[in-house]
Amino acid sequence: MASQVGQLPPLPPSRPLPVIDLGRLSKDPAMRALAIQDIARACREQGCFQVVNHSVGKSVMNGALEAASEFFETSPEYKELFASTDIRRPIRYDTSSRDGISKARSFLKHYANPLEDWIQYWPMQPPMYRKKMGDYAVEIQRVSMQLMDAILQGLGLEPLYLQEKLENGVQFLALNNYPHFSHQGDKVGLAPHSDYGFLTILLQSSPGLEVTPHDENTWKAVPVVPGALHVHIGDHLEVLSNGQIKSLVHRAILNPDEARISIASIHGLPVDEKVRCAEELVDEKHPEMYRESSFQDFLDFLPSNINNYKRFVESLKIDRA
């Protein structure tokens, strides 16, 4: 006999998202090994975690949020200088996305690594934008290198695997401005999706990010932990790991109390560099499960995805049936 809704058993208590002390990676070998184990477990079981003790100064983090907020407060005429429907531009402002997932946000997207190649395209207003966002971008690139080294070692790959390509890889900053929820219309600011790269490192001014951890079939709000950075797995790390690690589906919910700023830093290989399943993780029992692809391939994929959203990683899966 079917259970009635009112008689359904209560859901088991939700596990808190892991909080990783990144300083442990710089301790003695035994402490580092335990930290790598914790990161590997978080990646496999939940697909996301938060990091503290990452050495990014509070003033640098606050400065980036201030710079983003002040940019969105500039005149419509100034912001329109960066407006474009060309997703290949080095900088782009818009109030609706061309990727089929934006609901209610304005955004500014631009590249950041290496900084000296891209900062010339960044806004000059507010006056401290380039300084504050540049300081933040450099620090987050450093954190991404630490995290990728630990994650790849957690997969059993050699230390410094892909290091040079990662150092010269894409860092793509997406600054998002969400209005507060007025209790009218859709409360979703950004529809469920996963990110293309290896890692996304996110800083948010107030709650609004929701995730679906791999071990829970439900949405979970990501708390704003003072001084913490949120990290989640992208499509290309799922490919590199040959499916041992899955990319994280997430969305943005409008905050009922205030407007919200978030800064997502997405990290991957250079634009034309193909990501494929690591040879060390492919064998007879674990055949290659994904086709190779690059960031350029992802950009080519986007226009076909506007009206019928599909995760990029789903388009890469090899049918083994």
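Helix α5 covers residues 129–154 and has 26 residues. From first C-alpha to last it reaches 37 Å, close to the 38 Å expected at 1.5 Å a residue. That expected span is 1.5 Å times one less than the number of residues. Helices (H or I, at least four residues) and strands (E, at least two) are DSSP runs, numbered from the N terminus. Gly 156 follows α5, and its phi is positive, near 90 degrees.

The model is predicted: local features need pLDDT of at least 70, side-chain atom pairs count only at pLDDT 80 or more, and totals for chains, interfaces and linings use all residues. Residues are numbered from 1 along each chain as its sequence is written, and side-chain values use heavy atoms, with hydrogens and water left out.

**Cavities**

The structure holds three cavities of 30 Å³ or more. A cavity is a set of points, on a 1 Å grid over the protein atoms alone, where a 1.4 Å probe fits but cannot get out. A pocket is an open set with protein on both sides within 12 Å along at least five of seven lines. Lining residues have an atom within 4 Å of a point. Grid points are joined across faces, edges and corners, and a volume is the space filled by probe spheres set on the points.

α5 gives the most to the lining of the second largest cavity, with four residues. Among the lining residues are Leu 166, Val 170, His 267 and Gly 268.

The largest pocket has 16 lining residues; the closest to its centre are Met 61, Leu 203, Val 224, Val 225 and Gly 227. α2 (58–72), β7 (199–204) and β10 (229–233) each supply at least two lining residues. α2 gives the most, with four.

The second largest pocket is lined by 13 residues. Tyr 161, Leu 162, Leu 240, Lys 274 and Arg 276 are the closest to its centre.

| Space | Volume | Lining by class |
|---|---|---|
| Largest pocket | about 220 Å³ | 10 nonpolar, five polar, one charged |
| Second largest pocket | about 190 Å³ | seven nonpolar, no polar, six charged |
| Second largest cavity | about 40 Å³ | four nonpolar, four polar, no charged |

Ala, Val, Leu, Ile, Met, Phe, Trp, Tyr, Cys and Pro count as nonpolar, Asp, Glu, Lys and Arg as charged, and the others, Gly among them, as polar.

**Strand β6**

β6 (residues 188–193) is mostly covered, with five of its six residues buried (under 20% relative accessible area, 1.4 Å probe, protein chains only). β6 pairs with β11 (residues 250–253) in the antiparallel sense over three bridges; pairing takes at least two DSSP bridges. Val 188 stands opposite Ile 253 in β11.

Key: Buried < 20%, exposed > 50% of the residue type's maximum accessible area, 1.4 Å probe, protein only.
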